[in-house]
Amino acid sequence: NTECFSRCRQIMGAEEFLAFAMKKIVPIQGDLIQDGCGLSDIDRELILNNVQIIINSAASVSFDDSLHDSINMNYFGSMRMFDIGKSIKNLVAYCHVSTAYVNCNMPYDSMIEEEIYNKDQDVERLVSKYINMSPLEIKEKQAEILDGYPNTYTFTKAMTERSILKKRGDMPCCILRPAMVGCSMKEPFPGWVDTIAAMGAPMFF
């Protein structure tokens, strides 16, 4: 019902578009912070047998989340979805949406290549260590833990990239690193935006 699909309704007709969409979309219930993404056995089998492309863009896009919350959503949530992708029988592409700021901890005058840095880091050991620390301990050591990252969002996004690289094997996989996501230039129409997060707020108002 959003304005995003107004052009489709205009071209196809409102009722025809709704019928078309209902044939294409199969909503399922899940939760990224639960084991197996909280999928029922039936829905999991539906995905494993029918899905060919996964675009994992789910994340907590908040720059002041606690380290625990950011790890649970941005790291573990992404890796749970990644594990589902590895189990899909006919996977054509797994696309993980990261951020352009995964290397923002590097020196200001660095030339940042299109690659994953610190790829040999033992991410699983570090994540296990951090998730078992008390909130007070994290508060006292957060600057040391983040090691140059300005927030937990960019830090956990970088950790996730390293784990995906380590575990992907021959999985058809890519990582997208968008910068600030703003309004549309053309489609579905100039200026369309559906969020007030990050750059969406000044563009919206």
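**Close-up views of a predicted model**

**View 1. Contact of helices H5 and H7.** In H5, Val 123, Glu 124, Leu 126, Val 127 and Tyr 130 meet Phe 155, Met 159, Arg 162, Ser 163, Lys 166 and Lys 167 of H7, where contact means heavy atoms within 4.5 Å. The residues of this contact comprise 6 nonpolar, 1 polar and 4 charged (Ala, Val, Leu, Ile, Met, Phe, Trp, Tyr, Cys and Pro count as nonpolar, Asp, Glu, Lys and Arg as charged, the others, Gly among them, as polar). The model is predicted: local features need pLDDT of at least 70 and side-chain atom pairs pLDDT 80 or more, whereas totals for chains, interfaces and linings use all residues. Residues are numbered from 1 along each chain as its sequence is written, and side-chain values use heavy atoms, leaving out hydrogens and water.

**View 2. Packing geometry of H5 and H7.** Helix H5 (residues 123-131) packs with helix H7 (residues 152-167) at an angle of about 140°, the axes being 10 Å apart. Axes are lines fitted to C-alpha atoms, for helices over the stretch in contact, and angles run from 0 to 180 degrees between N-to-C directions. H5 is therefore oblique to H7 (under 35 degrees is roughly parallel, over 145 roughly antiparallel, 65 to 115 roughly perpendicular and the rest oblique). Helices (H or I, at least four residues) are DSSP runs, numbered from the N terminus.

**View 3. The two sides of helix H3.** Asp 43, Ile 47 and Leu 48 are the buried residues of H3 (residues 41-50); buried means under 20% relative accessible area, exposed over 50%, partly exposed in between (1.4 Å probe, protein chains only). On the other side of H3, Asp 41, Ile 42 and Asn 50 are exposed. Helix H4 (67-87) is included in what covers the buried residues of H3.
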